[in-house]
Amino acid sequence: MPQNRPLLENWTPELSARMDKAIFVAQHRLHELDLFNDDRLVELLDRHPREFLVINTMGTDPTKPAEWQEGRAGNLDAEQLFESVQRGRVWLNLRRVMDHHSEYANLVNNLYSELEAECPGLLTYNRSANLLISSPGAIVYCHVDCPVNMLWHLRGKKRAWAYPLESGVVSDDSIEGVVSSTKPEEVNFRPEWDNLAAVYDLNPGEMVTWPQHTPHRVVNTEGVNVSLSTEHMTRAAARRNNVFLANNHFRKMFPGDFRSTELTGWRPAAKEFVLRIMRRIPPLAPTPPTGFKTPITFEVDLDAPDCIRQLEESDHREPVLQ
Ligand SMILES: [Fe+2]
């Protein structure tokens, strides 16, 4: 395939205007590349450092995020892990593929170069990408991510629900909890929220994105699913995270009720400035957000139902990395 063909397809100025302001779907060509066929995925799984491979399973009810579990691969090789996705109820997250595989780093950087060329004023940094390989019928519970994220769908079919921030289904308090790692990413989803959602059935070659902190959930509706989840920061996204972090930290350190989530003007700029200074002074610095850790409670086993063998409680372990 010629290298100079763009990765974005049918992009328009209208889509550029929606970036980080609206929930929308756009088209791309990543699924036409050879990088995501079975052989390449198994090869990638084989080369990917195991400490950056997160393995999950889950229940079937979107209102029960506590059923999300983290597991380990045991002695399975890449081919067997891939088989467990095809036959079981397994969610593989190859974290930070840009750090470990130059061909995927180039791809994601090319994608962002095209996006920045198309979207006036867009300047992204802290780019990262996770490759998601998941079983037919697998689900991800409703949650909020801290960076801006984009889901580039490559294989299989999935349905994605995104709940507009202006619908108010999650409070600023909940978002602050996620950003400051005082609450887990999952939010207490209620089925009636679906009436307020933007819902998309994603096919290979489609990308969905939404404004930073928009709650979302997904269900695989057909076949093994492969998607690339990219994350990035912008100056505006950092401001938004810093305002939430500052509110959380300042309420512990100073008198006053710091709750405003206003993002423009001198007040949020001052909040961000003071937070940055405090980060440099150990006694005043906030604890850096660490994310919530899920203990390891199962091992992938091709002979077990759904390829999931629950571990005895005495064998539960803290994950090496999240
Ligand atoms: Fe997400």
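Visitor: So helices are DSSP runs of H or I with at least four residues, and strands are runs of E with at least two, numbered from the N terminus. Where is D145, then?

Guide: D145 lies in the loop between strand 7 (139–143) and strand 8 (148–162). This is a predicted model, where local features need pLDDT of at least 70, side-chain atom pairs count only at pLDDT 80 or more, and totals for chains, interfaces and linings use all residues. Residues are numbered from 1 along each chain as its sequence is written.

Visitor: Why does D145 count as partly exposed?

Guide: Because D145 has 17 C-beta neighbours inside 10 Å. Buried takes 20 or more other C-beta atoms within 10 Å of a residue's own, exposed 12 or fewer, and partly exposed is in between, with C-beta atoms placed from the backbone.

Visitor: And how much of the protein is buried?

Guide: Of its 322 residues, 33% are buried.

Visitor: New topic: how many helices and strands are there?

Guide: The protein has 8 helices and 13 strands.

Visitor: At what angle do helix 6 and helix 7 pack?

Guide: Helix 6 (residues 172–179) and helix 7 (residues 235–253) pack at about 95°, with axes 9 Å apart. Axes are lines fitted to C-alpha atoms, for helices over the stretch in contact, and angles run from 0 to 180 degrees between N-to-C directions.

Visitor: Which residues meet there?

Guide: From helix 6, I175, E176 and V179 meet N241, F244, L245, N247 and N248 of helix 7. Contact means C-beta atoms, placed from the backbone, within 7 Å.

Notes. Two residues are in contact if their C-beta atoms, placed from the backbone, lie within 7 Å.
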